[in-house]
Amino acid sequence: MLASPVAAAAPPGASSCSGCHGAPGGAVPSLIGHSAEDIAASLSAFRSGARPATVMNRIAKGFSESESRAIADYLAGGGQ
Amino acid sequence: MSGIGRRAVLAGLAATALPRPALAQGARGRVAVIGGGFGGATAARVLHRAGLDVTLVEPAETYWACPFSNEVIAGLRPMSAQAFGYEGLRASGVTIARTSAEAVDGAARQVRLADGRTLDYDRLILSPGIALRFDALPGYDAAAAETMPHAWKAGAQTELLAQKLAALPEGGTVVLSVPGNPYRCPPGPYERASLIAYYLKAHKPRAKLIVLDAKDTFSKQKLFEQAWKALYPGLLEYVPLAAGGQVTAVDPAAMTVATDFETYKADLACIIPPQRAAPIATQAGVADRSGWCPIDPVTFESRLVPRIHVIGDAAIAGAMPKSAFAANAQGKVCAEAVTDLLAGRTPAAPKLINTCYSLVAPGYGISVAGVYHPDKGVLADVEGAGGTSPVDAPDTVRQQEATYAEDWYRTITSAVFG
């Protein structure tokens with residue numbers, strides 16, 4: 001029952017994501033099963049405006065490339 | 001059985017009867033969480049998952065969620081859609097003390113519970129929510145709230161306002177009063193105004209809604225005002241502070257709402273009064289003169305009493321608004337910080353996100369988002385991030401944001417209570 005390595009290593013901002021991204025099947029896409037590369041690329045595209053969005057474009061701008069990559073690694077590793 | 005049973009001791013004896021906690025790396029600690037809303041229930045879940053001994057103190061068996069309660073008022077949603085229980089938390093292994101916290105002794109690190117037990121803690125997380133300030137608006141008190149509902153804590157008040165709206169005579173006048181900052185859910189009053197207007201337009205088109213505001217600017221203002229102009233012209237009258245919108249007194253017997261300039265006669269009055277942190281925060285000594293709780297932006301530890309952390313609506317969270325999303329995000333960050341502190345680690349500076357949707361009509365959603373970080377001792381906006389939906393967005397975006405709002409509610413309530 002000790003803290004899992006994933007739970008202890010949530011990088012800044014990562015734990016907020018599950019406020020919207022939940023189980024598969026919802027209007028907001030689930031992040032389960034996405035690779036770190038996919039998530040990092042999406043965050044980068046949201047940040048630059050290359051990928052249209054309603055909300056994620058505003059949120060992604062709050063994170064640097066390296067912060068986004070850390071979040072992507074965490075989420076792809078099963079963190080929530 | 002429960003951790004609380006083992007450490008339930010008579011008040012006054014606990015400080016000497018129990019050993020001091022070990023704070024070495026990996027050590028477990030006892031954490032008490034007061035308040036089972038979006039913040040407290042989240043924190044309890046995360047702490048338990050981290051292997052800590054956590055007790056959630058919550059007297060209610062049903063939690064009535066505020067987000068989407070404006071839809072209930074407008075008859076668009078059943079009240080049952082706002083009800084959540086604690087079975088999920090219990091099943092996941094969180095210990096719940098189904099009683100209220102009567103007093104916190106920050107020096108002795110004890111919580112006195114209403115059922116007579118005492119809860120010792122190494123760290124306490126307070127997520128007590130708001131209290132309505134019945135001393136702040138002449139004429140408005142708990143009795144007046146039965147005539148002029150605030151409906152700012154979901155539950156019986158929500159249903160009361162919904163019933164009164166349904167019973168409004170055709171051609172009647174609804175008056176909605178909005179307090180100055182800060183208060184729970186900054187855009188909430190304007191979503192309420194929108195959905196009441198939607199109800200009136202559909203069911204009582206000759207009725208009128210007057211919104212009396214103690215402010216001149218508010219959250220998502222351009223978006224709300226654009227929508228009101230398009231959807232509810234001649235039906236919704238907005239009176240800002242500069243035009244005399246600040247309510248100075250109410251008279252529930254006469255059904256009047258007074259400002260410095262005018263007295264409005266209402267067939268239905270919804271009065272959202274000024275607010276403060278719930279009484280346990282003041283009792284614990286973590287609320288300042290403002291009535292709210294100053295906190296460290298990294299750990300959410302109180303600036304006033306060590307080892308007590310405050311999250312959710314009760315906290316002064318800088319740029320972060322008092323929202324369910326914010327409380328959920330803070331619950332996670334605070335629980336991680338408490339886990340670190342109990343293990344002798346220094347918590348890293350967090351980043352937090354808030355997303356908040358409002359409905360101005362069914363299928364018409366607008367939003368605001370923000371990203372926050374500790375800066376100069378407070379939680380500040382990360383520059384360049386966040387903001388509201390575009391003012392010139394097409395209907396498809398409004399529809400999508402309404403869908404996202406529904407989905408957000410399903411996701412967050414499932415994550416917190418499921």
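Me: How far is the sulfur of B:Cys185 from the closest cysteine sulfur?
Reply: This is a predicted model. The closest cysteine sulfur to that of B:Cys185 sits in B:Cys356. A disulfide needs two sulfur atoms within 2.5 Å. This pair is too far for a bond, because the separation is 5.4 Å.

Me: Which residue holds the cysteine sulfur closest to that of B:Cys270?
Reply: The gap here is 12 Å. That is too far for a bond. The partner cysteine is B:Cys66.

Me: How many disulfides does a search of the whole structure find?
Reply: The search covers all chains. B:Cys185 is too far from B:Cys356 for a bond. B:Cys270 is too far from B:Cys66. The count is 0.

Me: Is B:Cys270 buried or exposed?
Reply: Buried means under 20% relative accessible area. B:Cys185 has 27% relative accessibility, so B:Cys185 counts as partly exposed. B:Cys270 has 0%, so B:Cys270 counts as buried.

Me: What is the order of strands in the open sheet of chain B?
Reply: The sheet has 5 strands, with parallel pairing. The edge strands are β5 (95-97) and β20 (308-310) of chain B, since each pairs on one side only. Neighbouring strands are turned by 20° against each other on average, direction ignored. The order is β5-β2-β1-β9-β20.

Me: Which residue of β5(B) is the bridge partner of B:Val57?
Reply: Strand β2 of chain B covers residues 53-57. β2(B) pairs with β5(B) in the parallel sense, over 3 bridges. The bridge partner of B:Val57 is B:Ala97.

Me: What angle does helix α3 of chain B make with β2(B)?
Reply: Helix α3 spans residues 38-49 of chain B and packs on the sheet. The helix touches β1 (30-34), β2 and β9 (123-126) of chain B. Its direction makes an angle with that of β2(B) of about 165°.

Me: Which strands of chain B does helix α11 lie across?
Reply: Helix α11 covers residues 324-342 of chain B. The helix runs at about 170° to β9(B). The strands are β1, β9 and β20.

Me: How far apart are the end C-alpha atoms of α3(B)?
Reply: α3(B) has 12 residues. At 1.5 Å a residue, the helix should span 16 Å. The model agrees with this: the end C-alpha atoms are apart by 17 Å.

Me: How many residues of α3(B) are buried?
Reply: The helix is mostly covered. Its buried residues include B:Phe38, B:Val46 and B:Leu47.

Methods
Residues are numbered from 1 along each chain as its sequence is written. Chains are lettered from A and ligands numbered from 1 in the order in which they are written. This is a predicted model: local features need pLDDT of at least 70, side-chain atom pairs count only at pLDDT 80 or more; totals for chains, interfaces and linings use all residues. Side-chain values use heavy atoms; hydrogens and water are left out. Two strands pair if DSSP finds at least two bridges between them. Helices (H or I, at least four residues) and strands (E, at least two) are DSSP runs, numbered from the N terminus. Axes are lines fitted to C-alpha atoms, for helices over the stretch in contact, and angles run from 0 to 180 degrees between N-to-C directions. Contact means heavy atoms within 4.5 Å. The expected span of a helix is 1.5 Å times one less than its number of residues. Buried means under 20% relative accessible area, exposed over 50%, partly exposed in between (1.4 Å probe, protein chains only).
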